[in-house]
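Here are some friendly notes to read alongside the model. Please keep the 3D view open and find each residue as it comes up.

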Amino acid sequence: MPGTTDTTHRRRSRLQQLRRRVDNAMFTRARYSQPMMPVMCLLGGLFMPLYWFLWTYVLPQPYSNLGLHLAGCAALLPLAWQRWWPRSFKPWLPLYWYAVITFVLPFFFGYLWLRNGGTIVWMGAHLFSIFITMMLFDLASFALICSLGTALAALAFQLGPHGAWPWHALLQYAPLLALTLILGPLASLSQKFADEAKVKALIGASNNIAHELRTPLGSVQMAGRAIGRYLPNLLESHRVAERAGLPVAALRNPHLQALQRGISVIEHEVNHAHTVIDMLLMAARPMGTLQLEPLQARACVAQALARYPYASQAERERVQLSAEPTDFVLMGSETLLTHVLFNLLRNALFHTGRAGKGEIHVSLDSDAGGHCIRVRDTGPGIPPDVLPRIFNRFYSYSESRDGTGLGIGLAFSQSAVERMGGRISCRSRWGEYTEFFVAFPPCVPTGQGLPA
């Protein structure tokens, strides 16, 4: 039944969106912790057996469990070497990180606090675990990890061999724990403020770059045009003077050709710089409200490929537009679509150039299900663990770990395409190809809304 099918499809779509949001949130938190993860987990893994010795023989506690300490050590140590994990294991790093922290912080300290009857030593240790969890995660993740770990600790205590519940210690601990849970999450908001500050800093830097570069670029462009305008007259005067036998310096044909090339280079480089500044500003600023209009897709793509500031003729020759006459009309913004294509071309050119192999093929597809612009390159491809993150803002990847950019180009492209009612996706096979699909709904029949 159509109604039931639509409802099922919407539910499935919402579930997929929720799964992606959870997955991205876990990845983001794990990524922020990743630089310090090896040191933290190495020290944590070493302290686990050390503290068992301390609480068993130096400052003996009512209850101690060597197996639990060794399990914590075994869970933490793989994270100390996560940089050398096999590529196929890396997509599981965020989930493993969450699971390990749940085990070694709220569960471990909560369970031992209960088994030790809520002593002062374990009360302080449990409070320490709460603070560390707060510092590592955002509010939602902290609530999830802390609730799950505490519930599992209580369940293990109830189901295992145990004495009476330490109600008196719980009552004494509750006010301090409540104060920690109320004030502590404020610290986790610092990351949100840091992200907002990063966006503001990016916009400010973009504006400053544009302001500082536009004026000298304009002057260089005017000078280049003036040279190009008056140079022919100057050269003609030089030839007349030579023919008249006047004492003028000799100008050979290679010199004249070098002058002509110099003017073209000035014009090309200035246009290239202006385009790069436009792309930076477009990606950094909020899109705001845009007036969408019917666009002829093939003309937009051809114009973008012609306008793109290629660094060399060899780069230009690597990009090919399909000869098939497929065309369609989409509702969008020519400026946005052009810069989306610029970003896709820039990435493809960068990676094919760096790999020293590959071509870029741009094509259009259209059928009853929708319209699509496809940008495919046969460069080095994208690693499987990187592919799900490429549209995340401020995420960039480089095999050589020297960074490839600010991580805003594809995030901007996704926002821009969605703003036009479309969807951008990517598939890739590492070592073989990368393919971006910019899809638009068939909301406007071909030819409608445009002059014949």
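1. Let us begin with a term: a nonpolar core is a set of buried Ala, Val, Leu, Ile, Met, Phe, Trp, Tyr and Cys residues joined through side-chain atoms within 4.5 Å. Buried means under 20% relative accessible area, exposed means over 50%, and partly exposed lies in between (1.4 Å probe, protein chains only).

2. Before using these terms, note what you are looking at: this is a predicted model, in which local features need pLDDT of at least 70, side-chain atom pairs count only at pLDDT 80 or more, and totals for chains, interfaces and linings use all residues. Residues are numbered from 1 along each chain as its sequence is written, and side-chain values use heavy atoms, with hydrogens and water left out.

3. How far can you trust the model? The predictor's confidence in each residue is its pLDDT, from 0 to 100. The chain has a mean pLDDT of 81, with 86% of its residues at 70 or more. Over residues 446-452 the pLDDT is below 50. Where pLDDT is low, the predicted coordinates should not be read in detail.

4. Which residues touch the most other members of the largest nonpolar core? They are L79, W97, I101 and W122, in a core of 44 residues. Helix α4 (93-115) gives the largest share, 14 residues. A second, separate core has 42 residues, including L336, F342, L349 and V362.

5. Look around W122 next. Leaving out residues up to four places away in sequence, W122 touches W55, Q61, F108, F109, L112, W113 and N116, where contact means heavy atoms within 4.5 Å.

6. Now for charged pairs. A salt bridge is a side-chain nitrogen of Lys or Arg within 4 Å of a carboxyl oxygen of Asp or Glu, and the count by this rule is six. E236 pairs with R239 at 3.5 Å, N to O; both lie in helix α8 (residues 185-243), three residues apart, about one turn of the helix. E236 also forms a salt bridge with R243, at 3.7 Å between the closest N and O atoms. E236 is partly exposed at 37% relative accessible area, whereas R243 is exposed at 62%.

7. Finally, E432 forms a salt bridge with R429, with the closest N and O atoms 3.8 Å apart. Salt bridges that share partners also join R374, R376, R427 and E435 into one network.

Terms used: Helix = DSSP H or I, 4+ residues; strand = E, 2+ residues; numbered from the N terminus.
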